[in-house]
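Welcome to my notebook. I wrote down what I looked up, entry by entry, so that you can follow along.

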Amino acid sequence: MEKKNLLYEGKAKKMFHTSDENLIWIEYLDQATALNGGMKDQISGKGTLNNQITSKIFHYLSEQGIMSHFIRQLGKTEQLVKKLDIIPLEVVVRNSAAGSFSKRLGIVEGQKLPEPIVEFYYKKDQLNDPFINEEHILFLNIANEKEINELKEQARKINQVLIDLFQKINLQLIDFKLEFGKTENGDLLLGDEISPDTCRLWDLKTRAHMDKDVYRRKIGEIVPVYQEVLTRLNQLGL
């Protein structure tokens with residue numbers, strides 16, 4: 001497999017064409033951002049950690065019957081994935097109140113929700129990725145009713161698998177973000193990444209933040225926290 005020219009550069013990753021038009025070469029960057037780019041810093045080692053954590057989690061999801069774009073890890077900061085036509089939605093699953101959910105509804109952070117709540121956000125940087133409902137999605141022609149239902153079903157299934165995985169390493173999955181896309185055959189697949197950048201994780205015993213909130217809220221250092229998450233995953237033999 002040969003790495004070709006740059007396809008796209010985002011906040012945390014670069015994507016490159018390959019010698020196979022259906023495969024993408026991803027490079028994770030040593031860059032942390034928050035507040036839609038309002039905070040931005042170079043953090044040595046972050047790309048390596050996110051690549052390793054995401055690779056292990058996607059491999060685990062595959063073993064549980066959940067398919068994604070992930071094919072294999074190529075190196076410290078690189079992965080090979082299937083090319084997807086990304087749906088411009090962030091699918092957020094919330095198990096406990098935190099972050100914008102707490103602020104928006106006036107609910108104390110950490111309050112467990114009776115049932116997981118699935119939310120949609122429109123991926124549009126210039127609009128600050130606004131919260132939208134299913135009628136908005138239909139109006140914007142982002143997805144049809146069948147696809148919306150499939151997104152919600154997959155998100156809930158992934159949620160339960162991740163809850164069980166993180167509990168094994170003494171972490172509570174508070175909430176997390178997913179992105180999906182379509183293959184050339186129209187199949188809906190999980191894409192992007194799953195890491196402490198995209199999940200809120202709290203230590204089950206201490207309730208310490210084990211995710212990007214340590215950077216976003218300036219309460220700690222990213223690398224030691226992400227390294228601890230990786231160490232715990234390694235202890236499971238993933």
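The entries below go through rings, charges, helices and a few single residues.

**Entry 1: the model**

I began with where the coordinates come from: this is a predicted model.

**Entry 2: ring pairs**

How many aromatic pairs does the structure hold? I found two.

I took Phe58 and Phe70 to start with. Their rings are stacked, 6.0 Å centre to centre with 20° between the planes. Phe58 belongs to helix H1 (residues 46-63) and Phe70 to strand E6 (residues 70-73), so this pair links distant parts of the chain, twelve residues apart. Are these two buried or exposed? Phe58 is buried at a relative accessible area of 1%, and Phe70 also counts as buried, at 15%.

Then I turned to Tyr121 and Phe131. Their ring centres are 5.5 Å apart and the planes meet at 65°, so I noted this pair as edge-to-face. The cut-off I needed here is that planes over 60 degrees apart count as edge-to-face. Because Tyr121 is in strand E10 (residues 112-122) and Phe131 in strand E11 (residues 131-132), the pair ties together parts ten residues apart in sequence. Tyr121 counts as buried at 9% relative accessibility, while Phe131 is partly exposed at 42%.

**Entry 3: charges over rings**

Next I looked for charges sitting over rings. The charged end of Lys3 is over the ring of Phe16, 4.2 Å from the ring centre. Arg104 lies over the face of Phe131, with 4.7 Å to the ring centre.

**Entry 4: Arg104**

Arg104 made me curious, and I looked up its surroundings. Arg104 is placed in helix H2 (residues 99-105) and is partly exposed, with a relative accessible area of 38%. Which residues is Arg104 in contact with, leaving aside neighbours within four places in sequence? I found Glu119, Tyr121 and Phe131. With Tyr121 there is a polar contact, side chain to side chain, at 3.3 Å. I also checked a separation along the chain: Gln73 is 31 residues from Arg104, and their C-alpha atoms are 38 Å apart.

**Entry 5: helix H6**

I checked the span of helix H6 (residues 222-235). At 1.5 Å a residue its 14 residues should span 20 Å, and the end C-alpha atoms are 20 Å apart, which agrees.

Which residues of H6 are buried? My list reads Ile222, Val225, Tyr226, Val229, Leu230, Arg232 and Leu233. Looking down the axis of H6, I saw these buried residues fall within an arc of 160°, so they line one face of the helix. Pro224 and Gln235, on the other side of H6, are exposed. What covers the buried residues includes H1, helix H4 (145-168) and strand E12 (171-178). After H6 comes Gly237, with a positive phi near 80°.

**Entry 6: helix H4**

The buried residues of H4 include Glu147, Ile148, Leu151, Asn159 and Phe166. What caps the N-terminal end of H4? The cap is Asn144, with a side-chain oxygen 3.2 Å from the backbone nitrogen of Lys146. Just after H4, I noted a positive phi of about 60° at Asn170.

**Entry 7: Glu179**

I looked up Glu179 in the loop between E12 and strand E13 (180-182). Is Glu179 buried or exposed? Glu179 is buried, at 8% relative accessible area. Its side chain makes a polar contact with the side chain of Lys123 at 3.3 Å, and with that of Lys177 at 3.0 Å. Setting aside neighbours within four places in sequence, I also found Glu179 in contact with residues including Ile86, Leu89, Leu190 and Asp192.

**Entry 8: positive phi in a loop**

My last stop was the loop between E10 and E11, where I found Asn128 and Asp129. Asn128 has a positive phi near 60° although it is a residue other than glycine. Asp129, not a glycine either, has a positive phi of about 50°. On accessibility, Asn128 is exposed at 54%, whereas Asp129 is buried at 17%.

Technical notes. Residues numbered from 1 in each chain as written. Predicted model: local features only at pLDDT ≥ 70, side-chain atom pairs only at ≥ 80, totals over all residues. Heavy atoms only, no water. Phe/Tyr/Trp six-rings, centres within 6.5 Å; stacked < 30°, edge-to-face > 60°. Helix = DSSP H or I, 4+ residues; strand = E, 2+ residues; numbered from the N terminus. Buried < 20%, exposed > 50% of the residue type's maximum accessible area, 1.4 Å probe, protein only. Lys NZ or Arg CZ within 6 Å of the ring centre and 35° of its normal. Expected span 1.5 Å × (residues − 1). Arc of directions from axis to C-beta. Contact = heavy atoms within 4.5 Å. Polar contact = N/O pair within 3.5 Å; in protein donor to acceptor, adjacent residues only side chain to side chain.
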